[in-house]
Amino acid sequence: MPIDRISHQAQAVPDALLEEAAVWNVRLHDPAAGHEQRAGFARWLAADPRNAAAYAEMERLWAALEAPAKRVLAAETAVASPLRPKRRLSPSWRWGAVAACLLLAVCSGLAWKGSLLDDLRSDYVTAVGVRRALTLADGSQVILNTDSALAVSFAPDRRAVRLFRGEAWFNVTHDAGRSFVVETPEGTVQVTGTQFNVRIVGGRVIVSLLEGKVALASANPRASRRDLIAGQQTAMTDAGIDAPAEFDAAAVTAWQHGQLVFYKAPLKQVVAQLNRYREGRVVVANDELRDLKVTGVFDTTDTDAALSVIQSTLHVRVFRLTNYLVLLR
């Protein structure tokens with residue numbers, strides 16, 4: 001089946017599920033995949049009825065990519081320098097790894113199409129790894145984090161912005177006559193003057209309040225509203241709004257200084273954060289590694305250095321298949 005036809009069909013499945021399905025393809029095509037990986041895959045399939053459709057799309061795409069992946073591998077072997085150290089990978093794993101690169105590239109392309117729509121609707125956009133400071137017409141300050149898109153709509157009686165994706169920190173100028181509303185896919189944050197952080201990740205909108213007070217309204221009409229006070233954090237999802245909890249303000253705002261701060265965070269969470277600041281993907285290909293604890297402060301402009309630290313401290317093997325795909329095993 002032609003790749004472009006498969007890609008068209010895959011657009012009906014959410015990008016997040018396609019990416020998860022692509023990762024499972026990488027794991028299950030590893031010759032070393034065993035019972036634990038297959039059991040984990042079965043649990044993933046059972047978790048959401050859409051997962052089976054996502055995986056079926058990735059299986060068809062994997063089959064379509066087998067031939068071009070082997071051609072890429074053959075070309076790489078033909079031009080390889082005799083001084084290049086040999087990878088300790090089996091031939092079947094090597095062609096599978098190249099296919100995984102192409103597979104994830106196609107998935108990234110589908111996600112890119114959605115990002116392009118966000119960009120066209122936005123007034124301010126940041127590229128991967130870039131931060132941008134803004135001063136709005138009312139004097140409010142905004143800092144956009146990596147890969148973010150923001151639209152601004154001010155009127156005499158209302159100040160509104162919409163965060164389509166990414167993360168933003170707000171320092172809102174007080175205006176008793178005009179509230180300030182941040183619209184997101186999962187609900188709104190309404191304030192008069194305060195400082196807070198909003199991050200969109202995996203169907204969740206995480207709101208962290210540093211100063212003042214905000215009112216949250218879920219996009220789910222059956223969910224109740226919630227108020228946050230300084231020092232509280234919550235998440236809005238399609239199900240509603242979570243109960244508020246305390247948070248580490250220094251860790252939440254560290255990105256403004258080009259840092260990522262982790263304290264006993266699971267490796268899967270650390271990798272998800274690193275992926276926000278680099279082109280391509282880092283994939284944890286071994287389930288046993290996903291919950292290893294990581295503590296450290298990393299530079300958002302040098303994610304490869306972070307991977308080196310993880311490799312040396314957790315004894316994780318890092319396979320750099322291309323500049324755009326790194327596997328942790």
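Arginine 159 counts as buried, because its relative accessibility is 0%; buried is under 20% relative accessible area, exposed over 50%, partly exposed in between, with a 1.4 Å probe and protein chains only. Its partner is aspartate 138, in a salt bridge with the closest N and O atoms 2.5 Å apart. That pair links distant parts of the chain, 21 residues apart: aspartate 138 sits in the loop between β2 (132-135) and β3, arginine 159 in strand β5. Aspartate 138 is buried too, at 16%. By salt bridge I mean a side-chain nitrogen of Lys or Arg within 4 Å of a carboxyl oxygen of Asp or Glu, and helices (H or I, at least four residues) and strands (E, at least two) are DSSP runs numbered from the N terminus.

Before I go on: this is a predicted model, so local features need pLDDT of at least 70 and side-chain atom pairs count only at pLDDT 80 or more, while totals for chains, interfaces and linings use all residues. Residues are numbered from 1 along each chain as its sequence is written, and side-chain values use heavy atoms, with hydrogens and water left out.

How many salt bridges are there by this rule? The count comes to 14. Another one joins glutamate 183 and arginine 162, 3.9 Å from N to O. Here glutamate 183 is in strand β7 and arginine 162 in strand β5. Glutamate 183 is partly exposed at 23%, and arginine 162 is partly exposed at 27%. Within that, arginine 121 and aspartate 118 meet at 2.9 Å, N to O. Both lie in helix α5 (residues 91-121), three residues apart, about one turn of the helix. Arginine 121 is partly exposed at 44%, whereas aspartate 118 is buried at 12%.

Now asparagine 145, in the loop between β3 (141-144) and β4 (149-155). Buried or exposed? Asparagine 145 is buried, at 0%. Its side chain makes a polar contact of 2.8 Å with that of glutamate 167; that's a pair of N or O atoms within 3.5 Å, where within protein one must be able to donate a hydrogen and the other to accept it, and residues adjacent in sequence count only if both atoms are side-chain atoms.

Last stop, helix α3. The buried residues there are Gln37, Gly40, Phe41 and Trp44. The face turned away from that buried side carries the exposed His35, Arg43 and Ala46.
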